[in-house]
Amino acid sequence: MNSPIEIWNHVRTLMEQEMTATTINTWFDDVTAVALTENTFIIHTPSDWKKDVITTRYIPSVQKALHELFSADFEVKVLGEGELESYRSGKKSNFLPGSEGYTFDNFVVGSSNKFAHAAALSVADRPGESYNPLFIYGESGLGKTHLLYAIAHKIHEQHPDYRIIYIKGDTFTNELIQAIREGRNQEFREKYRFADVFLMDDVQFIAGKESTQEEFFHTFNTLYEAKRQIVLTSDRPPKDMLRLEERLKTRFEWGLPVDIQPPDYETRMAIIKNKAIHLGISLPDGVIQYIAENVTANVRQLEGTVNKLLAYQQLLGDNVDVNTVSRAVRDMFRDKSDVLPTSDVIIEEVCKFYNIEADALRGQSRTKDTAQARQIAMYQIRRLTTLSLKEIGKEFGNRDHTTVLHSIDRIEKQVKQSPEIAEIVKDITANINARYE
(Lines give C-alpha, C1' and ligand atoms only; values in the text may rest on other atoms or scores of the structure.)
Protein backbone atom coordinates (compact mmCIF):
# COMPACT_ATOMS: atom_id res chain seq x y z
CA MET A 1 0.00 0.00 0.00
CA ASN A 2 2.01 2.95 -1.22
CA SER A 3 -0.21 5.21 -3.30
CA PRO A 4 -3.03 7.58 -2.24
CA ILE A 5 -5.47 5.49 -4.29
CA GLU A 6 -4.54 2.28 -2.46
CA ILE A 7 -4.71 4.06 0.89
CA TRP A 8 -8.20 5.38 0.08
CA ASN A 9 -9.36 1.89 -0.94
CA HIS A 10 -8.28 0.57 2.46
CA VAL A 11 -9.92 3.53 4.22
CA ARG A 12 -13.22 2.86 2.44
CA THR A 13 -13.07 -0.83 3.36
CA LEU A 14 -12.66 0.05 7.03
CA MET A 15 -15.42 2.66 6.88
CA GLU A 16 -17.79 0.13 5.29
CA GLN A 17 -17.58 -1.90 8.48
CA GLU A 18 -19.22 0.95 10.42
CA MET A 19 -21.45 2.63 7.80
CA THR A 20 -24.33 1.42 5.65
CA ALA A 21 -23.80 0.82 1.96
CA THR A 22 -26.28 3.63 1.27
CA THR A 23 -24.17 6.14 3.25
CA ILE A 24 -20.97 5.08 1.52
CA ASN A 25 -22.52 5.23 -1.96
CA THR A 26 -24.28 8.54 -1.32
CA TRP A 27 -21.37 10.52 0.00
CA PHE A 28 -18.23 8.72 -1.15
CA ASP A 29 -19.04 7.20 -4.54
CA ASP A 30 -17.16 9.90 -6.48
CA VAL A 31 -14.51 10.72 -3.87
CA THR A 32 -10.93 10.22 -5.08
CA ALA A 33 -7.62 10.30 -3.23
CA VAL A 34 -5.26 13.12 -4.15
CA ALA A 35 -2.17 12.97 -1.96
CA LEU A 36 -0.62 12.04 1.34
CA THR A 37 1.57 14.98 2.33
CA GLU A 38 3.34 15.08 5.66
CA ASN A 39 0.51 14.57 8.21
CA THR A 40 -2.41 15.39 5.91
CA PHE A 41 -4.52 13.11 3.70
CA ILE A 42 -6.15 15.00 0.81
CA ILE A 43 -9.27 13.76 -0.97
CA HIS A 44 -11.50 15.31 -3.64
CA THR A 45 -15.18 15.37 -4.53
CA PRO A 46 -16.54 17.33 -7.53
CA SER A 47 -19.56 18.46 -5.49
CA ASP A 48 -19.28 21.34 -3.03
CA TRP A 49 -22.44 20.06 -1.34
CA LYS A 50 -20.83 16.67 -0.69
CA LYS A 51 -17.65 18.39 0.41
CA ASP A 52 -19.59 20.28 3.09
CA VAL A 53 -21.35 17.14 4.32
CA ILE A 54 -18.14 15.06 4.43
CA THR A 55 -16.30 17.88 6.21
CA THR A 56 -18.99 18.36 8.87
CA ARG A 57 -20.03 14.72 9.44
CA TYR A 58 -17.51 12.18 8.27
CA ILE A 59 -13.96 13.53 8.77
CA PRO A 60 -13.67 11.68 12.13
CA SER A 61 -14.54 8.39 10.40
CA VAL A 62 -11.85 8.91 7.78
CA GLN A 63 -9.32 9.85 10.48
CA LYS A 64 -10.22 6.76 12.51
CA ALA A 65 -9.60 4.51 9.51
CA LEU A 66 -6.27 6.20 8.81
CA HIS A 67 -5.26 5.71 12.44
CA GLU A 68 -6.08 2.00 12.19
CA LEU A 69 -3.89 1.73 9.10
CA PHE A 70 -0.88 3.72 10.32
CA SER A 71 -1.20 4.02 14.11
CA ALA A 72 -0.86 7.78 13.69
CA ASP A 73 -3.15 10.81 13.62
CA PHE A 74 -3.87 12.60 10.34
CA GLU A 75 -5.53 15.79 9.27
CA VAL A 76 -8.00 15.27 6.41
CA LYS A 77 -8.54 17.94 3.78
CA VAL A 78 -11.43 17.76 1.30
CA LEU A 79 -11.15 19.56 -2.04
CA GLY A 80 -14.36 20.63 -3.75
CA GLU A 81 -15.42 21.91 -7.15
CA GLY A 82 -12.54 23.56 -9.03
CA GLU A 83 -10.12 23.13 -6.14
CA LEU A 84 -8.36 20.04 -7.51
CA GLU A 85 -7.06 21.93 -10.54
CA SER A 86 -5.82 24.75 -8.35
CA TYR A 87 -4.10 22.29 -6.05
CA ARG A 88 -2.34 20.47 -8.88
CA SER A 89 -1.32 23.64 -10.70
CA GLY A 90 0.19 25.14 -7.57
CA LYS A 91 3.76 26.18 -8.28
CA LYS A 92 6.53 24.33 -6.49
CA SER A 93 9.01 26.49 -4.64
CA ASN A 94 12.49 26.81 -6.06
CA PHE A 95 13.83 27.49 -2.57
CA LEU A 96 16.51 24.92 -1.65
CA PRO A 97 15.25 22.32 -4.15
CA GLY A 98 15.46 18.75 -2.93
CA SER A 99 15.03 19.73 0.71
CA GLU A 100 11.27 20.22 0.70
CA GLY A 101 10.65 17.33 3.10
CA TYR A 102 13.10 18.58 5.71
CA THR A 103 10.68 20.64 7.80
CA PHE A 104 9.93 20.92 11.51
CA ASP A 105 6.66 19.06 10.91
CA ASN A 106 8.61 16.06 9.60
CA PHE A 107 11.21 16.08 12.38
CA VAL A 108 10.55 13.44 15.02
CA VAL A 109 11.32 14.87 18.46
CA GLY A 110 12.61 12.67 21.27
CA SER A 111 14.73 12.93 24.37
CA SER A 112 17.91 12.69 22.28
CA ASN A 113 17.17 15.79 20.17
CA LYS A 114 14.55 17.74 22.12
CA PHE A 115 16.88 20.56 23.17
CA ALA A 116 18.38 20.96 19.68
CA HIS A 117 14.91 21.01 18.12
CA ALA A 118 13.66 23.65 20.57
CA ALA A 119 16.72 25.84 19.94
CA ALA A 120 16.35 25.50 16.16
CA LEU A 121 12.66 26.39 16.35
CA SER A 122 13.44 29.46 18.48
CA VAL A 123 16.04 30.62 15.96
CA ALA A 124 13.60 30.12 13.08
CA ASP A 125 10.92 32.15 14.88
CA ARG A 126 13.27 35.00 15.84
CA PRO A 127 16.28 34.98 13.49
CA GLY A 128 19.18 37.01 14.81
CA GLU A 129 17.49 37.63 18.17
CA SER A 130 17.65 34.42 20.23
CA TYR A 131 20.78 32.29 19.87
CA ASN A 132 23.48 33.55 17.56
CA PRO A 133 25.29 31.54 16.45
CA LEU A 134 23.39 28.31 16.99
CA PHE A 135 25.91 25.47 16.83
CA ILE A 136 24.41 21.96 16.41
CA TYR A 137 26.79 19.02 16.74
CA GLY A 138 26.54 15.23 16.73
CA GLU A 139 27.52 12.14 14.79
CA SER A 140 26.49 11.60 11.17
CA GLY A 141 22.90 10.65 10.40
CA LEU A 142 21.20 12.04 13.52
CA GLY A 143 19.27 14.94 11.96
CA LYS A 144 21.59 17.97 12.01
CA THR A 145 21.05 18.74 8.34
CA HIS A 146 17.31 18.19 8.73
CA LEU A 147 17.19 20.90 11.43
CA LEU A 148 19.31 23.22 9.29
CA TYR A 149 16.90 22.91 6.37
CA ALA A 150 13.89 23.19 8.69
CA ILE A 151 15.20 26.52 9.98
CA ALA A 152 15.70 27.70 6.42
CA HIS A 153 12.19 26.72 5.30
CA LYS A 154 10.44 28.27 8.31
CA ILE A 155 12.32 31.56 7.99
CA HIS A 156 11.65 31.61 4.24
CA GLU A 157 7.96 31.03 4.88
CA GLN A 158 7.76 33.88 7.41
CA HIS A 159 10.22 36.21 5.66
CA PRO A 160 10.18 35.44 1.91
CA ASP A 161 12.31 38.49 1.21
CA TYR A 162 15.21 37.28 3.38
CA ARG A 163 18.39 36.20 1.64
CA ILE A 164 19.09 32.74 3.05
CA ILE A 165 22.41 31.06 2.28
CA TYR A 166 23.00 27.33 2.82
CA ILE A 167 26.43 25.85 2.14
CA LYS A 168 28.62 22.96 3.24
CA GLY A 169 32.02 23.60 4.78
CA ASP A 170 34.03 21.94 2.02
CA THR A 171 32.00 23.74 -0.67
CA PHE A 172 32.80 27.08 0.97
CA THR A 173 36.50 26.21 0.72
CA ASN A 174 36.23 25.14 -2.92
CA GLU A 175 34.34 28.30 -3.88
CA LEU A 176 36.94 30.45 -2.17
CA ILE A 177 39.78 28.71 -4.03
CA GLN A 178 37.96 29.20 -7.33
CA ALA A 179 37.27 32.87 -6.54
CA ILE A 180 40.94 33.50 -5.75
CA ARG A 181 42.03 31.82 -8.99
CA GLU A 182 39.59 33.86 -11.06
CA GLY A 183 40.06 37.14 -9.19
CA ARG A 184 36.48 37.22 -7.91
CA ASN A 185 37.23 37.73 -4.21
CA GLN A 186 34.86 40.67 -3.84
CA GLU A 187 32.01 38.82 -5.51
CA PHE A 188 32.59 35.86 -3.19
CA ARG A 189 32.52 38.09 -0.10
CA GLU A 190 29.36 39.89 -1.14
CA LYS A 191 27.59 36.57 -1.68
CA TYR A 192 28.03 35.52 1.95
CA ARG A 193 28.47 38.75 3.93
CA PHE A 194 25.18 40.23 2.69
CA ALA A 195 23.11 37.21 3.76
CA ASP A 196 20.22 37.65 6.19
CA VAL A 197 20.58 34.04 7.33
CA PHE A 198 23.81 32.06 6.98
CA LEU A 199 23.66 28.27 7.38
CA MET A 200 26.80 26.12 7.14
CA ASP A 201 26.69 22.33 7.29
CA ASP A 202 29.81 20.37 8.36
CA VAL A 203 31.77 23.43 9.44
CA GLN A 204 34.53 21.11 10.72
CA PHE A 205 35.87 20.91 7.17
CA ILE A 206 37.17 24.48 7.23
CA ALA A 207 39.50 23.58 10.13
CA GLY A 208 43.19 23.51 9.25
CA LYS A 209 42.68 25.51 6.05
CA GLU A 210 44.36 28.85 6.69
CA SER A 211 42.86 30.97 3.91
CA THR A 212 39.39 29.54 4.43
CA GLN A 213 39.48 30.22 8.17
CA GLU A 214 40.66 33.77 7.57
CA GLU A 215 37.83 34.43 5.11
CA PHE A 216 35.25 32.75 7.32
CA PHE A 217 36.42 34.76 10.34
CA HIS A 218 35.66 38.06 8.59
CA THR A 219 32.40 36.71 7.14
CA PHE A 220 31.30 35.61 10.59
CA ASN A 221 32.17 38.98 12.14
CA THR A 222 30.32 40.92 9.45
CA LEU A 223 27.17 38.83 9.84
CA TYR A 224 27.28 38.79 13.62
CA GLU A 225 27.74 42.53 13.97
CA ALA A 226 24.80 43.08 11.60
CA LYS A 227 22.68 40.76 13.80
CA ARG A 228 22.19 38.30 10.96
CA GLN A 229 21.38 34.74 12.02
CA ILE A 230 24.21 32.18 11.84
CA VAL A 231 23.62 28.43 12.24
CA LEU A 232 26.44 25.90 12.03
CA THR A 233 26.55 22.10 12.23
CA SER A 234 29.47 19.82 12.96
CA ASP A 235 30.25 16.26 13.95
CA ARG A 236 32.00 17.52 17.13
CA PRO A 237 31.84 20.49 19.54
CA PRO A 238 34.09 23.51 18.87
CA LYS A 239 36.54 22.61 21.65
CA ASP A 240 37.26 19.27 19.94
CA MET A 241 38.19 20.86 16.59
CA LEU A 242 41.92 20.68 17.18
CA ARG A 243 42.91 22.31 13.90
CA LEU A 244 40.41 25.15 14.20
CA GLU A 245 41.80 28.58 15.06
CA GLU A 246 41.14 29.61 18.64
CA ARG A 247 39.40 32.84 17.58
CA LEU A 248 36.84 30.79 15.62
CA LYS A 249 36.33 28.31 18.45
CA THR A 250 35.53 31.24 20.72
CA ARG A 251 33.02 32.70 18.27
CA PHE A 252 31.29 29.36 17.71
CA GLU A 253 30.64 29.22 21.46
CA TRP A 254 29.29 32.79 21.71
CA GLY A 255 25.73 31.67 21.11
CA LEU A 256 24.36 28.24 21.97
CA PRO A 257 26.11 24.92 21.28
CA VAL A 258 23.61 22.00 21.37
CA ASP A 259 24.20 18.33 20.70
CA ILE A 260 22.10 15.56 19.17
CA GLN A 261 22.48 12.02 20.48
CA PRO A 262 21.45 8.70 18.85
CA PRO A 263 17.68 8.19 19.20
CA ASP A 264 16.34 6.12 22.09
CA TYR A 265 13.93 3.22 21.55
CA GLU A 266 10.74 5.29 21.71
CA THR A 267 12.11 7.86 19.28
CA ARG A 268 13.24 5.12 16.90
CA MET A 269 9.71 3.71 16.94
CA ALA A 270 8.26 7.13 16.11
CA ILE A 271 10.79 7.71 13.31
CA ILE A 272 9.95 4.37 11.70
CA LYS A 273 6.21 5.07 11.83
CA ASN A 274 6.70 8.56 10.41
CA LYS A 275 8.83 7.29 7.52
CA ALA A 276 6.36 4.50 6.75
CA ILE A 277 3.50 6.98 6.62
CA HIS A 278 5.47 9.27 4.33
CA LEU A 279 6.16 6.35 1.95
CA GLY A 280 2.61 5.03 2.18
CA ILE A 281 3.59 1.63 3.56
CA SER A 282 1.72 -0.11 6.38
CA LEU A 283 3.99 -1.83 8.91
CA PRO A 284 2.68 -4.19 11.60
CA ASP A 285 3.63 -3.32 15.18
CA GLY A 286 5.87 -6.38 15.41
CA VAL A 287 7.87 -5.22 12.39
CA ILE A 288 8.25 -1.69 13.78
CA GLN A 289 9.45 -3.09 17.10
CA TYR A 290 11.94 -5.40 15.37
CA ILE A 291 13.49 -2.52 13.40
CA ALA A 292 13.65 -0.30 16.49
CA GLU A 293 15.39 -3.05 18.48
CA ASN A 294 17.93 -3.95 15.81
CA VAL A 295 18.76 -0.68 14.02
CA THR A 296 20.05 1.65 16.71
CA ALA A 297 22.89 3.75 15.26
CA ASN A 298 21.14 6.68 13.60
CA VAL A 299 18.09 8.06 11.83
CA ARG A 300 19.54 7.49 8.36
CA GLN A 301 19.81 3.73 8.95
CA LEU A 302 16.25 3.56 10.27
CA GLU A 303 14.88 5.35 7.22
CA GLY A 304 17.08 3.24 4.95
CA THR A 305 15.56 0.08 6.40
CA VAL A 306 12.02 1.29 5.70
CA ASN A 307 13.06 2.24 2.14
CA LYS A 308 14.44 -1.28 1.71
CA LEU A 309 11.16 -2.80 2.89
CA LEU A 310 9.24 -0.69 0.38
CA ALA A 311 11.57 -1.93 -2.38
CA TYR A 312 10.96 -5.55 -1.32
CA GLN A 313 7.23 -4.97 -1.45
CA GLN A 314 7.23 -3.18 -4.81
CA LEU A 315 9.75 -5.39 -6.61
CA LEU A 316 9.18 -8.79 -5.05
CA GLY A 317 5.63 -8.52 -3.82
CA ASP A 318 6.71 -9.73 -0.38
CA ASN A 319 4.42 -9.25 2.58
CA VAL A 320 6.08 -7.04 5.16
CA ASP A 321 6.58 -9.32 8.15
CA VAL A 322 9.37 -9.93 10.65
CA ASN A 323 11.12 -12.33 8.26
CA THR A 324 11.14 -9.72 5.51
CA VAL A 325 12.46 -6.98 7.77
CA SER A 326 15.07 -9.35 9.20
CA ARG A 327 16.33 -9.99 5.67
CA ALA A 328 16.26 -6.28 4.84
CA VAL A 329 18.29 -5.38 7.92
CA ARG A 330 20.74 -8.20 7.28
CA ASP A 331 21.15 -7.31 3.59
CA MET A 332 21.54 -3.61 4.30
CA PHE A 333 24.41 -4.08 6.70
CA ARG A 334 26.03 -6.80 4.62
CA ASP A 335 25.84 -4.67 1.49
CA LYS A 336 27.45 -1.73 3.27
CA SER A 337 30.28 -3.80 4.71
CA ASP A 338 30.94 -5.52 1.39
CA VAL A 339 31.51 -2.24 -0.46
CA LEU A 340 35.17 -1.29 -0.30
CA PRO A 341 36.30 2.12 -1.52
CA THR A 342 38.58 2.14 -4.54
CA SER A 343 42.06 3.57 -4.45
CA ASP A 344 40.91 6.25 -6.93
CA VAL A 345 38.17 7.40 -4.53
CA ILE A 346 40.59 7.52 -1.61
CA ILE A 347 43.17 9.48 -3.59
CA GLU A 348 40.48 11.85 -4.85
CA GLU A 349 39.26 12.59 -1.31
CA VAL A 350 42.81 13.09 0.00
CA CYS A 351 43.51 15.49 -2.88
CA LYS A 352 40.30 17.43 -2.20
CA PHE A 353 41.21 17.73 1.46
CA TYR A 354 44.70 19.05 0.74
CA ASN A 355 43.70 20.94 -2.43
CA ILE A 356 46.32 19.29 -4.60
CA GLU A 357 46.15 17.56 -7.98
CA ALA A 358 46.03 13.77 -8.20
CA ASP A 359 48.97 13.79 -10.62
CA ALA A 360 51.10 15.53 -7.99
CA LEU A 361 50.04 13.02 -5.34
CA ARG A 362 50.84 10.06 -7.57
CA GLY A 363 54.02 11.67 -8.88
CA GLN A 364 57.38 12.70 -7.46
CA SER A 365 56.55 16.04 -5.82
CA ARG A 366 58.27 16.34 -2.43
CA THR A 367 56.61 19.47 -1.04
CA LYS A 368 55.64 19.09 2.61
CA ASP A 369 51.86 19.00 2.06
CA THR A 370 52.08 16.70 -0.95
CA ALA A 371 54.41 14.28 0.81
CA GLN A 372 52.16 14.07 3.86
CA ALA A 373 49.03 13.74 1.71
CA ARG A 374 50.68 10.89 -0.24
CA GLN A 375 51.55 9.05 2.96
CA ILE A 376 48.03 9.48 4.31
CA ALA A 377 46.60 8.20 1.02
CA MET A 378 48.82 5.10 1.23
CA TYR A 379 47.77 4.59 4.84
CA GLN A 380 44.06 4.92 3.98
CA ILE A 381 44.31 2.58 1.00
CA ARG A 382 46.04 -0.04 3.16
CA ARG A 383 43.43 0.40 5.91
CA LEU A 384 40.28 0.58 3.80
CA THR A 385 41.03 -1.78 0.90
CA THR A 386 42.53 -5.22 0.36
CA LEU A 387 45.39 -4.02 -1.88
CA SER A 388 48.87 -5.37 -1.15
CA LEU A 389 51.88 -3.12 -0.51
CA LYS A 390 53.08 -3.80 -4.04
CA GLU A 391 49.69 -2.90 -5.54
CA ILE A 392 49.57 0.30 -3.47
CA GLY A 393 53.05 1.21 -4.75
CA LYS A 394 51.79 0.93 -8.34
CA GLU A 395 49.18 3.59 -7.59
CA PHE A 396 51.99 6.04 -6.77
CA GLY A 397 54.43 5.78 -9.67
CA ASN A 398 55.56 2.21 -8.98
CA ARG A 399 57.07 2.98 -5.59
CA ASP A 400 58.55 -0.11 -3.96
CA HIS A 401 56.82 -1.85 -1.09
CA THR A 402 59.48 -0.68 1.41
CA THR A 403 58.62 2.97 0.70
CA VAL A 404 54.92 2.21 1.04
CA LEU A 405 55.43 0.36 4.31
CA HIS A 406 57.51 3.23 5.71
CA SER A 407 54.77 5.72 4.83
CA ILE A 408 52.07 3.59 6.43
CA ASP A 409 54.11 3.04 9.61
CA ARG A 410 54.82 6.77 9.85
CA ILE A 411 51.14 7.74 9.65
CA GLU A 412 50.16 4.99 12.10
CA LYS A 413 52.58 6.46 14.67
CA GLN A 414 51.39 10.02 13.98
CA VAL A 415 47.75 9.01 14.42
CA LYS A 416 48.60 7.70 17.89
CA GLN A 417 50.87 10.58 18.87
CA SER A 418 49.32 13.61 17.16
CA PRO A 419 45.63 14.47 17.78
CA GLU A 420 45.73 16.77 14.73
CA ILE A 421 46.82 14.00 12.37
CA ALA A 422 44.22 11.70 13.92
CA GLU A 423 41.59 14.36 13.22
CA ILE A 424 42.73 14.73 9.59
CA VAL A 425 42.50 10.97 9.07
CA LYS A 426 39.04 10.96 10.68
CA ASP A 427 37.78 13.75 8.41
CA ILE A 428 39.11 12.13 5.25
CA THR A 429 37.64 8.77 6.28
CA ALA A 430 34.25 10.42 6.85
CA ASN A 431 34.36 11.93 3.35
CA ILE A 432 35.27 8.56 1.84
CA ASN A 433 32.48 6.77 3.67
CA ALA A 434 29.99 9.46 2.63
CA ARG A 435 30.56 8.45 -1.00
CA TYR A 436 29.01 5.07 -0.27
CA GLU A 437 26.01 6.09 1.86
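The model is predicted, so local features need pLDDT of at least 70 and side-chain atom pairs count only at pLDDT 80 or more, while totals for chains, interfaces and linings use all residues. Residues are numbered from 1 along each chain as its sequence is written, and side-chain values use heavy atoms, with hydrogens and water left out.

Overall picture. The protein has 20 helices and 8 strands. Both are DSSP runs numbered from the N terminus: helices are H or I with at least four residues, strands are E with at least two. Along the principal axes, the C-alpha atoms fill a box of roughly 85 × 55 × 35 Å. There are 437 residues, and 49% of them count as buried. Buried means under 20% relative accessible area, exposed means over 50%, and partly exposed is in between, with a 1.4 Å probe and protein chains only. Now contacts, meaning heavy atoms within 4.5 Å. Take those with a separation of 6 or more: residues 24 or more positions apart account for 73% of them.

Next, helix H15, residues 343–354. H15 has 12 residues. Its first and last C-alpha are 17 Å apart, close to the 16 Å expected at 1.5 Å a residue. The expected span is 1.5 Å times one less than the number of residues. How many residues of H15 are buried? The count is 9 of its 12, so H15 is mostly covered. Among them are Val345, Ile346, Ile347, Phe353 and Tyr354. Glu349 is on that buried list too. What do they pack against? The partners are H16, H17 and H20.

Helix H17 covers residues 368–384. H17 has 17 residues and reaches 24 Å from first C-alpha to last, close to the expected 24 Å. Its buried residues include Ala373, Ile376, Ala377, Met378 and Ile381. Arg374, Gln375 and Gln380 are also buried. The cover over the buried residues of H17 includes H15, H16 (358–362), H18, H19 and H20 (419–434).

Now two helix pairs. Two packed helices are described by the angle between their axes and the distance between the axes. Here, axes are lines fitted to C-alpha atoms, for helices over the stretch in contact, and angles run from 0 to 180 degrees between N-to-C directions.

Pair one is H19 and H20. They pack at about 110°, with axes 5 Å apart. That makes H19 roughly perpendicular to H20. For the labels: under 35 degrees is roughly parallel, over 145 roughly antiparallel, 65 to 115 roughly perpendicular, and the rest oblique. H19 passes H20 in a left-handed crossing. Left-handed means the near helix is turned anticlockwise from the far one by less than a right angle; right-handed means clockwise. H19 brings Ile411, Gln414, Val415 and Gln417 to the contact, and H20 brings Pro419, Ile421, Ala422 and Val425. By class, that is 6 nonpolar, 2 polar and no charged. Ala, Val, Leu, Ile, Met, Phe, Trp, Tyr, Cys and Pro count as nonpolar, Asp, Glu, Lys and Arg as charged, and the others, Gly among them, as polar.

Pair two is H5 and H6. Their axes come within 8 Å and cross at roughly 25°. So H5 is roughly parallel to H6. This crossing is right-handed. Among the contact residues are Ala116, Ala120 and Asp125 of H5, and Leu147, Ile151 and Lys154 of H6. The classes are 8 nonpolar, 2 polar and 2 charged.

Backbone details next. The peptide bond from Asn132 to Pro133 is cis, with omega near 0°. Pro133 lies in the loop between H5 (114–125) and strand E4 (134–137).

Asp202 has a positive phi, near 55°, and is not a glycine. Asp202 sits in the loop between strand E6 (197–201) and helix H9 (210–225). Buried or exposed? Asp202 is buried, at 18% relative accessible area.

Asn398 also has a positive phi, about 60°. Asn398 is in the loop between H18 (389–394) and H19 (401–417). Asn398 is exposed, at 62%.

Last, Gln213, in helix H9. Gln213 is buried, with a relative accessible area of 3%. Beyond its neighbours within four places in sequence, its contacts include Ile206, Arg243, Glu245 and Leu248.
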